[in-house]
Amino acid sequence: MRYKIAYSPGECRETDGWMQVGATHIERHGEQRLVCELYQGVLVVEGGRVQTMLSFGDEVEPLPDDMHEAFTIRGAHAQSAADRFGDLVDFVALSRYFDGPRRIRNIPPPGAWARPAWTACVVAGRPLLEVRATHFTTAPGSRTLVCELYPGILVLEKDGVCSVLTYGSSVELLPPRSDERMAMSGGQAVSAAIEFGRQMSSQPGAWPPPRWARRRT
């Protein structure tokens, strides 16, 4: 269902398993259905079909500036978009790893690419990704949730991505049974993937560092 609402392109609102999304693109041909780039490079077409910009980019064009329309998708379609975005993000990490000089001798161990599952969510009108937090910051006067999205790569709840080389001493593990959750942006996920691939391909020793791995157990 379409809505003539003054949504900003990509703006979202979530209600009872449905999501209203501001259109960012429109199909060039045929029915000219509305399209929303819900996450970077991932398109949700009016009706619920999920495509990537790589495979479907030639079929759409940016919505004209004078058009402000929104449409409704099911929560399951938003989650499908988040899952497809996860595939793209993991590919970014793998690509950066194989671009590096130590890609042969620093072969990732089994499970090294495992990433916590995330859930599509909306915060303040923005489509974000909700994940289970693994750590929290220990700086006096503040407590920020942190997720180790890739081994040795930390995503902070409010903003930022760090490796354990620079930020590992500033966080502590949450209790094993903790179910605290945090939201992060798609941009943070991409930055974490790039940093993980870079560290895996450039470090002379194991990644993550053994001293960090011991702290996680």
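Good morning. The model is a predicted one, in which local features need pLDDT of at least 70 and side-chain atom pairs count only at pLDDT 80 or more, while totals for chains, interfaces and linings use all residues. Residues are numbered from 1 along each chain as its sequence is written, and side-chain values use heavy atoms, with hydrogens and water left out.

Let me begin with the whole protein. Of its 217 residues, 47% are buried, where buried means under 20% relative accessible area, exposed means over 50%, and partly exposed lies in between, with a 1.4 Å probe and protein chains only. Among contacts with a separation of 6 or more, 67% are between residues 24 or more positions apart; a contact means heavy atoms within 4.5 Å.

The largest nonpolar core has 49 residues, and Leu 38, Tyr 39, Trp 118 and Leu 149 touch the most other members. Such a core is a set of buried Ala, Val, Leu, Ile, Met, Phe, Trp, Tyr and Cys residues joined through side-chain atoms within 4.5 Å. Helix 2, residues 75-98, gives this core its largest share, six residues. Beyond its neighbours within four places in sequence, Tyr 39 is in contact with residues including Ala 78, Phe 85, Cys 121 and Leu 129. A second, separate core of five residues includes Val 35, Leu 43, Val 45 and Phe 56.

Five strands form an open sheet in the order 7-6-5-4-8, with antiparallel pairing; two strands pair if DSSP finds at least two bridges between them. Strand 7 and strand 8 (60-62) are the edge strands, each pairing on one side only. Strand 6, residues 42-45, is joined to strand 7 by three bridges.

Which residue of strand 7 is the bridge partner of Leu 43? The partner is Gln 51. Gln 51 counts as buried because its relative accessibility is 17%. Leaving aside neighbours within four places in sequence, Gln 51 is in contact with Val 45 and Phe 56, among others.

Finally, consider helix 4. Its 17 residues, 186-202, should span 24 Å at 1.5 Å a residue, and the end C-alpha atoms are 24 Å apart, which agrees; the expected span is 1.5 Å times one less than the number of residues. Among the buried residues of helix 4 are Ala 189, Ala 192, Ala 193 and Phe 196. Thank you.

Key:
Helix = DSSP H or I, 4+ residues; strand = E, 2+ residues; numbered from the N terminus.
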